[in-house]
Amino acid sequence: MNILDIVGPVMVGPSSSHTAGAVRIGQTAGRLLGEKVAAADIRLHGSFWATGKGHGTDRAIVAGLLGFAVDDPRIPNSFQEAQRAGMRFVIGSITLLNAHPNSVRLQLTGQSGRTLEVIGSSIGGGRICINEIDGLTANFSGEAPTLVVYNQDKPGCIVKVTRQLEQSKINVATMQVYRDERGGHAVMVIEVDQAVPAGCIAQLEREDGIEKVIYL
């Protein structure tokens, strides 16, 4: 067991689950959006809602959306920082089916108008899991280099992605594939061992059947 699993990360407290984990969910969602967050609808589930205000979960998520690190001293004042940055947000509660008690649904709008919906959970020791992206199931932490590939659910898309990774000498650590329905939309979540070159990502985006590529 890693020592951080016991003592938690270096952070602004008071809770690794309710504070540091919440910051990281916000950070990861912002990176998935790929641009500065202009507006956020933040809905807290379970323990995040019941005890989150006392633990600063609401402020931690806003801080993460602003790109703050878990030990940033501005976290307690993130609401004011968001106002200065021009980021609008609302916070409320939600009941999510079969969700971890420390979960949040984020509906984000970027400065260009791009939108993204993410459900994430804080699973202890500052660690997180991204559970859904735009309604499609996912299961990743964002700690390793990660590709999120949106594609049409048709033959050949997986081969195109893995071929490009092979040509760039990128080793796949884990790969998950999900779809909304047969022949509909699908998503690949691929954690890799090396950084993915920008040229590889650009080539993936040009492939037929690939709709969008996000790189963390």
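This note goes through a few local features of the predicted model, point by point.

1. On the basis of the values: residues are numbered from 1 along each chain as its sequence is written, and side-chain values use heavy atoms, with hydrogens and water left out. Because the model is predicted, local features need pLDDT of at least 70 and side-chain atom pairs count only at pLDDT 80 or more, whereas totals for chains, interfaces and linings use all residues.

2. On histidine 45: this residue belongs to strand E1, which covers residues 37–46; helices (H or I, at least four residues) and strands (E, at least two) are DSSP runs, numbered from the N terminus. Histidine 45 counts as buried because its relative accessibility is 9%, where buried means under 20% relative accessible area, exposed over 50%, and partly exposed in between, with a 1.4 Å probe and protein chains only. Once its neighbours within four places in sequence are left aside, histidine 45 is in contact (heavy atoms within 4.5 Å) with Ile94, Thr95, Leu96, Ala99, His100, Pro101 and Ser103.

3. On the cysteines: a search of the whole structure for disulfides, each being a pair of cysteine sulfur atoms within 2.5 Å, finds 0. Cysteine 200 is accordingly in no disulfide, and the nearest cysteine sulfur, that of cysteine 157, is 15 Å away. Cysteine 200 is buried, since its relative accessibility is 4%, and cysteine 129 is also buried, with a relative accessible area of 10%.

4. On aspartate 134: the phi angle of this residue is near 50°, which is a positive value in a residue other than glycine. Aspartate 134 sits in the loop between strand E5 (127–133) and strand E6 (136–140), and with a relative accessible area of 37% it is partly exposed.

5. On lysine 169: here too phi is positive in a residue other than glycine, at a value near 55°. Lysine 169 is found in the loop that lies between helix H7 (157–167) and strand E8 (172–179), and it counts as exposed because its relative accessibility is 71%.

6. On strands E8 and E9: these two strands run antiparallel, and 7 bridges join E8 to E9 (residues 185–192); two strands pair if DSSP finds at least two bridges between them. Tyrosine 178 has valine 187 in E9 as its bridge partner. E8 and E9 form a hairpin with 5 residues between them, and glycine 183, in the turn, has a positive phi of about 80°.
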